[in-house]
Amino acid sequence: MTGQAVRVERSGPVTTVFLHRPERRNAVDGPTAAQLAAAFRAFDADPGAAVAVLHGEGGVFCSGADLTAIGTERGNRVALGGDGPMGVTRLRLSKPVIAAVSGYAVAGGLELALWCDLRVADESAVFGVFCRRWGVPLIDGGTVRLPRLIGTSRAMDMILTGRAVDAAEAAAIGLANRLVPAGQALPAAQELAARLASFPQACLRSDRASVLDAGGLDEPAALASEFAHGRAALASEAGQGAARFAAGAGRHGSFDDRPPSGPDTAGAGR
């Protein structure tokens, strides 16, 4: 898929989706939001694609919704059903997405990063609810996902003050999962994506789905959900992984001897 504002590259099982609106600091208008949603739906439907990376080109991850488009034919979609204003933020994909964050990830751009499963930030990254200044609310999951990631107290501080959170603080509070040198967010995220793609995918996806489903459940229901998700992986992949472990693979927690199709599984990290 190609386009003026969104382009997609594929390298083996890793799909990289690029935001490219340098004249608007990668702000997302309505057409861009639709292109983002289409790109990630295509990724999720592609049987050869395992992990995606979302990256804003030109030194800015995303500066949020394009406020200059409000009231024009390019305005972001704002409705209860269907896609969110930023395009992807209501999508529940079956595969993981990693945000590669360089520069500003603010307002709706922060919400895009929060939608991703993991965030790799370089030292130039800045996160914040900068829309606080303009009376523009968080309606792409920011008030839901941010507290779940970093806790209510820290999230409330960011949400109410709109202050900038630099890369070091983001890593310290768990907003960023990895912190890398400036300019290295994209290659580091793609390397991490390739690592995830090398694992047995049924198990990885069922564990991911269990984490996502557990958010609104009490403990007994969450444990039942986890078991239901895990049964398919047990049937399809665990036997092969256990046999590899029994044959000597993965001793002492090693991940380095995994075959291209996937690593050791059961017992390797226990």
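Q: Which residues is Ser-210 in contact with, leaving aside its neighbours within four places in sequence?
A: In this predicted model, Ser-210 is in contact with Glu-226 and His-229. Contact here means heavy atoms within 4.5 Å. As for where it sits, Ser-210 lies in helix α7.

Q: What makes Ser-210 count as buried or exposed?
A: Its relative accessible area is 8%. Buried means under 20%, so Ser-210 goes down as buried.

Q: Why is the pair Arg-7 and Glu-57 called a salt bridge?
A: The rule asks for a side-chain nitrogen of Lys or Arg within 4 Å of a carboxyl oxygen of Asp or Glu. Arg-7 and Glu-57 come in at 2.6 Å, N to O, so the pair passes. Arg-7 is in strand β1 (residues 6–11), while Glu-57 is in the loop between β3 (51–56) and β4 (97–101), so the bridge ties together parts that are 50 residues apart in sequence.

Q: Is Arg-7 buried, exposed or partly exposed, and what makes it so?
A: Arg-7 has 26% relative accessibility. Buried needs under 20% and exposed needs over 50%, so Arg-7 counts as partly exposed.

Q: How do you know that Arg-74 forms a salt bridge with Asp-29?
A: Their closest N and O atoms are 3.1 Å apart. The cut-off is 4 Å, so the pair qualifies.

Q: What makes Asp-117 and Arg-208 a salt bridge, and which parts do they tie together?
A: The N to O distance is 2.8 Å, and the limit is 4 Å, so they make the list. Asp-117 lies in the loop between α2 (108–115) and β6 (118–122), and Arg-208 in helix α7 (residues 201–214), so parts 91 residues apart in sequence get tied together. On accessibility, Asp-117 is partly exposed at 25%, whereas Arg-208, at 15%, counts as buried.

Q: Which residues do salt bridges with shared partners join into one network?
A: Arg-21, Glu-23, Arg-24, Asp-29, Asp-66 and Arg-74.

Q: How many salt bridges does a search of the whole structure find?
A: It turns up 14 salt bridges.

Definitions and conventions:
Residues are numbered from 1 along each chain as its sequence is written. This is a predicted model: local features need pLDDT of at least 70, side-chain atom pairs count only at pLDDT 80 or more; totals for chains, interfaces and linings use all residues. Side-chain values use heavy atoms; hydrogens and water are left out. Helices (H or I, at least four residues) and strands (E, at least two) are DSSP runs, numbered from the N terminus. Buried means under 20% relative accessible area, exposed over 50%, partly exposed in between (1.4 Å probe, protein chains only).
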